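Subject: The model we talked about

Hi there,

Here is the model for you to open alongside this note. Have a look at it, and then read on for what came out of it.

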Number of protein chains: 2
Amino acid sequence: MEKQSADCCDQVFVHEDLVKKVNEGMPEEEELYDLAELFKVFGDSTRIRILFVLFEAEVCVCDLAEVLHMTQSAVSHQLKILKQAKLVSARREGKSVFYSLADDHVRTIIAQGREHIEE
Amino acid sequence: MEKQSADCCDQVFVHEDLVKKVNEGMPEEEELYDLAELFKVFGDSTRIRILFVLFEAEVCVCDLAEVLHMTQSAVSHQLKILKQAKLVSARREGKSVFYSLADDHVRTIIAQGREHIEE
DNA sequence: TGAACATATGAATAATCGTTCATACGTTTA
DNA sequence: TAAACGTATGAACGATTATTCATATGTTCA
């Protein structure tokens, strides 16, 4: 991390070293898109609440709806999004489908978010 | 983390122990909202790209616009959102305003996101 | 002070998103 | 097999959001 010189904007080209370093560190377009898509999934308090329930236990859809005071449909829609992002995984047991956390990145990411919020 | 019994949905009350544990671990309504707001900020590839530039150096607005091939206005709008979320901080130097990362949570959160994406 | 430059911002528009409602799908059991 | 239960999903609606355009604010320098 280095400071750029102050005369930065009245020239045709930005500093070549900055451009070079940025291009080296910048992920591919597709990865940037996927990253944004992933964080979008965390960007809804309903889904965050679902994740916090799954921090405690493997839970079926109707129990999630009950605990969170939501309709079964709304929960199901959000679970689909969480599942597509591979943040949760599903397991069928008879009529019920039980959801659980897919991996520990979820905990880490949310923990870091909480740390940031608390200044 | 423990499995719930299979007969979960044909009863008036969900398991009391689950409710209790969830209520213990669940943050306040306000924190859930703030968490979602924070991740919403990460949920846009333009802002992610801005952050990746700031990983390399402290940069002024017009250089950001140039490097990212965006209009100055669009960059400025997004910088405002990043600043409100305290992910970046600004420093005026003459006519220019230089932006930099506010703290290391940004790097950690994005790093965890990248790990998750790569399975 | 006035002109030039860098940045910020309000309004408008198009696109995206979460919930609801209705209904379909899958499983169990009587 | 038919009914009951749990879950999934498409369409529609209202709300939110990123970008653009026009313009305002703030700073430097002649």
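How many residues does the contact take from chain A and from chain B? It takes 53 residues from chain A and 53 residues from chain B, where two residues are in contact if their C-beta atoms, placed from the backbone, lie within 7 Å.

Before the details, some housekeeping. Residues are numbered from 1 along each chain as its sequence is written, while chains are lettered from A and ligands numbered from 1 in the order in which they are written. This is a predicted model, in which local features need pLDDT of at least 70 and side-chain atom pairs count only at pLDDT 80 or more, whereas totals for chains, interfaces and linings use all residues.

**Where the two chains meet**

The elements that give two or more residues to the side of chain A that touches chain B include helix H1 (16-25), helix H3 (45-56) and helix H6 (105-117) of chain A. Helices (H or I, at least four residues) and strands (E, at least two) are DSSP runs, numbered from the N terminus. H2(A) supplies the largest share of that side, 10 residues. By class, the side of chain A that touches chain B has 27 nonpolar, 11 polar and 15 charged residues; here Ala, Val, Leu, Ile, Met, Phe, Trp, Tyr, Cys and Pro count as nonpolar, Asp, Glu, Lys and Arg as charged, and the others, Gly among them, as polar.

The same surface serves both copies, as 100% of the contact residues of chain A recur in chain B.

**Chain A by itself**

Chain A has 6 helices and 4 strands, in the order β-α-α-α-β-α-α-β-β-α along the sequence. Of its 119 residues, 33% count as buried, meaning that 20 or more other C-beta atoms lie within 10 Å of the residue's own C-beta, placed from the backbone (exposed is 12 or fewer, partly exposed in between).

A:Val88, in strand S3 (residues 88-93) of chain A, is one to click on. A:Val88 counts as buried because it has 23 C-beta neighbours inside 10 Å. Its contacts beyond four places in sequence include A:Leu54, A:Leu79 and A:Ser100. A:Val88 and A:Ser100 are 12 residues apart along the chain, with their C-alpha atoms separated by 5.4 Å.

**The DNA side**

DNA strand D is surrounded by 27 residues, and the closest are A:Cys60, A:Val61, A:Cys62, A:Ser73 and B:Cys9; a residue is near a strand if its C-beta atom, placed from the backbone, lies within 6 Å of it. H5(A) gives the most to this surface, with 6 residues. The surface near DNA strand D has 9 nonpolar, 11 polar and 7 charged residues.

Chain A averages a pLDDT of 89, and 88% of the residues score at least 70; pLDDT is the predictor's confidence in each residue, from 0 to 100. Among the elements of chain A, helix H5 (residues 72-84) has the highest mean pLDDT (98) and strand S1 (residues 2-3) the lowest (40). Over residues 1-6 of chain A, pLDDT stays under 50.

Happy browsing!
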